[in-house]
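The sequence and structure are shown first.

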Amino acid sequence: MDAHVVIASIDDVGTDTIALELETPDGFSAEPGQFIKLTGTVDDEEYSRFYTLSSPNTDETFETTIEIDHEEGGPFSAYLAALEPGDEIEMSGPYGSDHYEGEPRVVVIAGGPGIGPAVGIGERALADGNEAAIVYRDEELAHRARLETLADRGATVRLLEDGTTDLADAVDDVVTDDPEEQVFVYGFASFIEDVEDALEAIGSSTDGAKIENFG
Ligand SMILES: Cc1cc2nc3c(=O)[nH]c(=O)nc-3n(C[C@H](O)[C@H](O)[C@H](O)COP(=O)(O)OP(=O)(O)OC[C@H]3O[C@@H](n4cnc5c(N)ncnc54)[C@H](O)[C@@H]3O)c2cc1C
């Protein structure tokens with residue numbers, strides 16, 4: 001659907017990372033891991049970018065998590081970070097088929113802003129009585145409070161800050177290749193490649209994994 005949506009809140013959830021909470025328009029629903037398109041005008045130029053749900057559901061409001069990369073990124077993510085509650089933005093969606101579908105065990109491997117769908121899927125899986133594991137790599141970690149709560153509630157959480165811990169070791173700790181397990185991978189292209197290498201290194205693969213490449 002296409003809609004103009006109202007911003008309910010914007011919060012810093014890490015260095016250069018914001019959680020953008022939007023009021024759910026009538027008739028809109030999406031699953032964690034699906035994404036929406038946001039459109040806006042910056043310096044007379046129209047931009048459209050995709051953002052993945054980071055909330056466990058879309059009841060009343062829903063959320064996306066946006067990382068602003070000042071070196072590689074363009075102007076649109078910075079424009080979103082400067083919006084305020086009550087502002088409206090153009091949205092369409094939901095899009096994507098690589099989302100949570102009630103799997104008994106979810107393993108979410110996230111890089112950078114991929115942490116958004118990781119916390120959303122993790123929270124939804126635990127709420128449904130399913131198992132969750134998250135491997136998250138970033139230079140500076142975001143959503144620490146929600147990750148701590150997830151770990152307290154029984155999720156396995158492996159945090160890789162500054163590249164100090166080997167991705168393959170962390171992936172090896174959580175991937176069981178059990179048929180009831182679903183692996184999800186969210187992040188920019190170079191991170192997806194690293195995960196493919198890590199899975200190969202432990203004798204597994206991305207066959208059957210749900211992968212969303214952020215670009
Ligand atoms: C399916 C899909 C889902 C997405 N979900 C999210 C999401 O949940 N959260 C989110 O923040 N972004 C997400 N993105 C990326 C998002 O759409 C934008 O590309 C991003 O916000 C940068 O927008 P920009 O206009 O500032 O820069 P752009 O002009 O779009 O960025 C140009 C390039 O900069 C690099 N870049 C930009 N930001 C980063 C970053 N944070 N880390 C590493 N490299 C970066 C990439 O190579 C990118 O192609 C998603 C993209 C796709 C295709």
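**Backbone geometry**

P94 belongs to strand β6 (residues 88–95), where helices (H or I, at least four residues) and strands (E, at least two) are DSSP runs numbered from the N terminus. The peptide bond that leads from G93 to P94 is cis, its omega being near 5 degrees. D16, located in the loop between β1 (2–14) and β2 (17–23), has a positive phi of about 50 degrees although it is not a glycine.

The model is predicted: local features need pLDDT of at least 70 and side-chain atom pairs count only at pLDDT 80 or more, whereas totals for chains, interfaces and linings use all residues. Residues are numbered from 1 along each chain as its sequence is written, and side-chain values use heavy atoms, with hydrogens and water left out.

**Ligand site**

The ligand sits in the largest pocket. On a 1 Å grid over the protein atoms alone, a pocket is an open set of points where a 1.4 Å probe fits, with protein on both sides within 12 Å along at least five of seven lines; a molecule sits in it if more than half of its atoms lie within 2 Å of its grid points. Two or more residues of the shell come from each of β4 (45–52), β5 (61–67), α1 (75–81) and β11 (210–213). The largest share, 4 residues, is that of β4.

Around the ligand there are 19 residues, of which R49, F50, Y51, G74 and S77 come nearest; a residue is near a molecule if one of its heavy atoms lies within 4 Å of it. Domain 1 (2–95) and domain 2 (105–213) each supply at least three residues to this shell, the bounds coming from an automatic or database domain assignment.

Polar contacts (pairs of N or O atoms within 3.5 Å) are tabulated below.

| Residue | Protein atom | Ligand atom | Distance |
|---|---|---|---|
| T65 | backbone N or O | nitrogen | 2.9 Å |
| E67 | polar side-chain atom | nitrogen | 3.0 Å |
| G74 | backbone N or O | oxygen | 2.6 Å |

The protein covers 81% of the 910 Å² of accessible area that the ligand has on its own, by the Shrake-Rupley method with a 1.4 Å probe.

How values were computed:
Polar contact = N/O pair within 3.5 Å; in protein donor to acceptor, adjacent residues only side chain to side chain. 1 Å grid on protein atoms, 1.4 Å probe; cavity = no way out; pocket = protein on both sides within 12 Å on 5 of 7 lines; lining within 4 Å.
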